[in-house]
Amino acid sequence: MKGIKHLILVLTLLVGCAHENNTLEDITFRGGYVKFSEVPNLSFNILKLDTEVFTATLQDPNKNATSYTLNAMYEDGEAIAENLVEITSFPHTLELNIGKVLEALGVTEDQIDLTDRITFVAIVTTPTGTFNGMSPDYDYNNFNQGGQTTERLKEVEHNNAMEFSLGFFQPQGKKIRGTSFEELLVGGEEDTYDRNGANDETLDLINGDAPPYVDYVAKGTEADNELGFNSEYVAINNISTSSLGFSAERIGVMSLFENYEAYPDGVQGFHSEDADGAIRITFDTVEVPEGQNNSGISFEVFFNDSSWEELDGIHAYANITTDNGDEVLELINIYDDDIEAVAGQWFEVNSGYQKGVRSYQLIIQIQSGATAESFDLDNIIVYEAED
């Protein structure tokens, strides 16, 4: 009999310890916990935030929730909206108009970027207490400054409705104009551009008698007519330890497959290497169709996987006209180690949708001082929203 008592005591202690230390059990199965019946859509069209609606069915698996209150936080606390909804019966279909959520946060649609997030945190009340869905936030004294929901509750199979985030996506655009450099004649892989002027002279470059070509005049203004462009050489002091400028290098429109298996579009692109200075390419101005309020510009660049120095890099921007006048839209400005971080792959530069732009003129300046530090440009597109 004494042995049986000891066994019962041990089992009781083991069970008690397991329950006491099992946060998952305490919160999910005995505390206040609400979940989605199915994982909801958490990504929304950035162009239609005024009409997009988050919808999900809430369930109370523990049958003990007396209320479910939802708060919202934009980014890392830049804006907070409390008590967006309060639900007292389950199951319940939750509907949140994204435009109304932004209004409650005091954030305008124009302020939203593709990388932004809106995080929702629930507070669930039960007859035994209040459970904050925010993740715990322990300070240096190991005191919890945040909520109670652990990361273990965030697994997909729990369909967690205690803390979740909404993101945004950009829908595919429709090309207004662009170029993939396909309309120009190209020569062999080792052909060089023999430049006009002195090697180190800043000046407008002109086409030679044979490829590779550095200038192009557009053949039309329709979407399928490739953009024209003009190239210049710009001297950059101290970019090379050997010399400044070049006389003959592989610069211009070429068809090269040395560092990649394919171009993003077509089989040609603009290549530059060992310019010992900068090549600045100015593309034709593209008008945005009248009445279109959403448009953007993008291109792709391949940086050869090499060691890039302080003055080696790319600066691209667009001169734009808006309803308020002329402006400059910065697209990319990276050099040195920042290049190395994205080298060896086709890298997209994209403005995202801009509102109220009436025209774009793209300028890309690429500069380097060694053959291995090469650039390839392709797939330049000025686009508009589909609807």
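## Strand E25 and its partners

His-271 has Asp-376 in E25 as its bridge partner. That pairing belongs to strand E16 (residues 269–272), which runs antiparallel to E25 and is joined to it by three bridges. Strands here are DSSP runs of at least two residues, marked E, numbered from the N terminus, and two of them pair if DSSP finds at least two bridges between them. This is a predicted model, where local features need pLDDT of at least 70 and side-chain atom pairs count only at pLDDT 80 or more, while totals for chains, interfaces and linings use all residues. Residues are numbered from 1 along each chain as its sequence is written, and side-chain values use heavy atoms, with hydrogens and water left out.

E25 has other antiparallel partners too. Strand E19 (residues 294–303) is joined to E25 by eight bridges, with Glu-300 opposite Asp-378. Strand E10 (residues 174–179) pairs with E25 over five bridges, and there Lys-175 faces Tyr-383. How enclosed is E25? Nine of the 10 residues in this strand (375–384) are buried, so the rest of the structure largely encloses it. Buried means under 20% relative accessible area, exposed over 50%, and partly exposed in between (1.4 Å probe, protein chains only).

Arg-250 sits in the loop between strand E14 (248–249) and strand E15 (252–254). At 9% relative accessibility, Arg-250 counts as buried. Its side chain makes polar contacts with those of Glu-258 at 2.8 Å and Glu-273 at 3.1 Å. A polar contact is a pair of N or O atoms within 3.5 Å; within protein, one must be able to donate a hydrogen and the other to accept it, and residues adjacent in sequence count only if both atoms are side-chain atoms.

## Salt bridges

How many salt bridges does the structure hold? There are six, each a side-chain nitrogen of Lys or Arg within 4 Å of a carboxyl oxygen of Asp or Glu. One of them is Glu-232 with Arg-280, at 4.0 Å from N to O. Glu-232 is in strand E13 (residues 229–234) and Arg-280 in strand E17 (residues 277–283), so this pair ties together parts 48 residues apart in sequence.

Arg-358 and Asp-323 form another, at 3.5 Å. Arg-358 belongs to strand E24 (residues 357–368), while Asp-323 is in the loop between strand E20 (313–322) and strand E21 (325–335), 35 residues apart. Shared partners also join Glu-190, Arg-250, Glu-258 and Glu-273 into one salt-bridge network.

How values were computed: Helix = DSSP H or I, 4+ residues; strand = E, 2+ residues; numbered from the N terminus.
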